[in-house]
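Dear colleague,

Please find the structure below, handed over for your records.

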Amino acid sequence: MKGRLKWLSVSMVTLIVLFVLWWVVTSVTGWVKPLYFPSPEGVWSRVQSMQGELWRHSVTTLYRVVVSWLIGSVLGVLVGLIMSRSKLIYSILVPVIEGLRPVPPVALIPLVLVWFGIGDSGKIFLGALACFMVMVVNTIVASGNVPPVYKQASITLGASPGKTYRSVVLPAIIPEIMSGARIGIALAFAIMVAAEFMGAQYGVGYLIMQASRTLNTEVVILGTIIIGLEAFLLERILQMVSNRVTRWTEK
């Protein structure tokens with residue numbers, strides 16, 4: 001506990017130092033002009049002047065990210081588990097997955113806009129697709145990394161193949177699944193903001209794009225901070241869940 005508090009204090013001091021440095025180079029000395037990088041006071045004034053609008057953009061992006069991440073992660077894990085158990089399904093799906101996996105979902109934005117329009121469904125589809133690709137590969141690799149001795153020991157003790165899979169394989173891959181989920185949520189934010197750049201009426205990405213067109217750097221920095229805070233919040237929640245469901249593992 002003391003060690004955790006120690007490193008938490010180090011992280012807090014780092015954030016404070018960075019904030020003071022930002023304030024000094026923009027507000028105190030004026031070394032950096034507001035057009036290039038706004039001061040903390042300028043960003044705070046934007047927060048106060050657009051509270052309601054800011055809240056709506058933030059909640060919209062957060063909703064899209066969470067929904068797309070959940071859909072993509074659940075489908076990715078399920079398909080990965082099926083592929084890891086069935087050589088037939090694996091042989092059928094692996095060419096499709098390996099063919100699509102290197103393609104950045106951002107490259108599909110023009111097509112998605114034609115298919116779904118500028119509503120939420122298209123953006124959620126892109127985010128879910130990105131998370132699906134991460135999770136399906138992560139699940140297959142995790143299943144293949146389970147030491148065979150675990151399965152052999154379970155079968156030797158009288159467990160059926162199905163019970164061995166449920167009681168040995170699935171618990172063994174949970175840590176890697178949770179790691180993949182954390183990667184997926186960061187990817188979902190990146191894809192969602194890019195999609196909002198291209199076509200949206202609300203969202204933090206839309207807010208940043210509109211501000212950049214008028215050189216409103218205060219709002220650009222504010223939008224970036226919002227994305228960082230939302231991603232940090234979700235990642236911390238996922239980390240707590242991961243620690244709870246994998247508390248039996250060695251840390």
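Buried here means under 20% relative accessible area, exposed means over 50%, and partly exposed lies in between (1.4 Å probe, protein chains only). The model is predicted, so local features need pLDDT of at least 70 and side-chain atom pairs count only at pLDDT 80 or more, while totals for chains, interfaces and linings use all residues. Residues are numbered from 1 along each chain as its sequence is written, and side-chain values use heavy atoms, with hydrogens and water left out.

A salt bridge is a side-chain nitrogen of Lys or Arg within 4 Å of a carboxyl oxygen of Asp or Glu; the count comes to 4. Among them, Arg64 pairs with Glu196, with the closest N and O atoms 2.7 Å apart. Arg64 lies in helix α3 and Glu196 in helix α8 (residues 161–198), so this pair ties together parts 132 residues apart in sequence. Helices are DSSP runs (H or I, at least four residues), numbered from the N terminus. Arg64 is buried, at 3% relative accessible area, and Glu196 is buried at 1%.

Arg101 and Glu98 form another salt bridge, at 2.9 Å; Arg101 is partly exposed at 41%, as is Glu98 at 37%. Arg236 meets Glu235 at 2.7 Å, N to O, and a network of salt bridges links Arg182, Glu235 and Arg236.

Ser73, also in helix α3 (residues 51–85), is buried at 9% relative accessibility. Beyond its neighbours within four places in sequence, Ser73 is in contact (heavy atoms within 4.5 Å) with Cys131 and Met135.

Yours sincerely

Terms used
Helices (H or I, at least four residues) and strands (E, at least two) are DSSP runs, numbered from the N terminus.
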